[in-house]
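Please open the structure in your viewer, with the sequence beside it, and follow the stops below in order.

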Amino acid sequence: YSRVNGLDAVTVTLVNDNQANLINLSHKAIDQVAKLNKDLKSTGIEIVVQNNSAELMENNINQIINLAITGGILAVLILWFFLRNIRLVTIIAISIPVSVYAAFNFFYAYNISINSLTLVGMALAIGMLVDNSVVVLENIYRLAGTGKDPETAVKQGTTEVWRSILASTLTTVIVFLPFIFSSNFLIKLMGKNIGVSIISTLLVSLSVALLFIPMATYFLLSR
């Protein structure tokens, strides 16, 4: 026996499949409830959603996204405080969304959805992915300041530091790699989501630092 809003009711619990996307499933179920309520309106029967666990998950994901964006903006502001060069900061600011969106391809490859764990991993990686770009960019501008032409400054500046940023990135990536191959279900789940998000974002940031940053810097220096 159950009562809702003082009226007799039949309570039905919908349980999602383990492989289903809970948020998408929730939206589809609510749309279906709205259609059923239109058909049942003449009978005086109404379907009421009393509890929706996807709402809490969706709110958490939105909050993580907002915090990650705020963290990215703060990282750019800190770079501006130390570098005091709007062109340098602009290039690095562009590299952040480029790295994040490119990392989504790894999610698709490993069949990972955008959830709380993957977003937390990306939020952690945002601060680290800026490091590679800063090292390459700063070294190129240092050489350009000594009077070298843009092409030489870009080539030499990137060549001098690529081993260092490669080693720095790999040492961070290798820490999360064992989590992916763990036999424990919970650790494997966390490692697959957080590990893949951090590893993919950092690897893409390495490519951005060695390819996008030199090209963008050459374009600015040549102008």
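Angles between axes under 35 degrees count as roughly parallel, over 145 as roughly antiparallel, 65 to 115 as roughly perpendicular and the rest as oblique. The axes themselves are lines fitted to C-alpha atoms, for helices over the stretch in contact, with angles running from 0 to 180 degrees between N-to-C directions. This is a predicted model, in which local features need pLDDT of at least 70 and side-chain atom pairs count only at pLDDT 80 or more, while totals for chains, interfaces and linings use all residues. Residues are numbered from 1 along each chain as its sequence is written, and side-chain values use heavy atoms, with hydrogens and water left out.

Begin by selecting helix H1 (residues 22-40) and helix H2 (residues 53-83), whose axes come within 9 Å and cross at roughly 130°; helices here are DSSP runs (H or I, at least four residues), numbered from the N terminus. H1 and H2 are therefore oblique to each other. To see what joins them, display Leu 22, Ile 23, Ser 26 and His 27 on H1, together with Ser 53, Ala 54, Met 57, Glu 58 and Ile 61 on H2, which make the contact (heavy atoms within 4.5 Å).

Next, move to the loop between H1 and H2 and select Asn 52. With a relative accessible area of 17%, Asn 52 is buried, a word that means under 20% relative accessible area, with exposed over 50% and partly exposed in between (1.4 Å probe, protein chains only). The side chain of Asn 52 is joined to that of Ser 26 by a polar contact of 2.8 Å, where a polar contact is a pair of N or O atoms within 3.5 Å, and within protein one must be able to donate a hydrogen and the other to accept it, residues adjacent in sequence counting only if both atoms are side-chain atoms. Leaving aside residues up to four places away in sequence, Asn 52 touches Ser 26 and Ile 30.

Return to helix H1 and pick Leu 25, which counts as partly exposed at 38% relative accessibility. Beyond residues up to four places away in sequence, Leu 25 touches Asn 16 and Ala 20.

Finally, select Ser 200 in helix H6 (residues 185-222). Is Ser 200 buried or exposed? At 1% relative accessibility, Ser 200 counts as buried. A polar atom of the Ser 200 side chain lies 3.1 Å from the backbone oxygen of Ser 197, and, not counting residues up to four places away in sequence, Ser 200 touches Ala 103, Phe 106 and Phe 107.

Methods
Helices (H or I, at least four residues) and strands (E, at least two) are DSSP runs, numbered from the N terminus.
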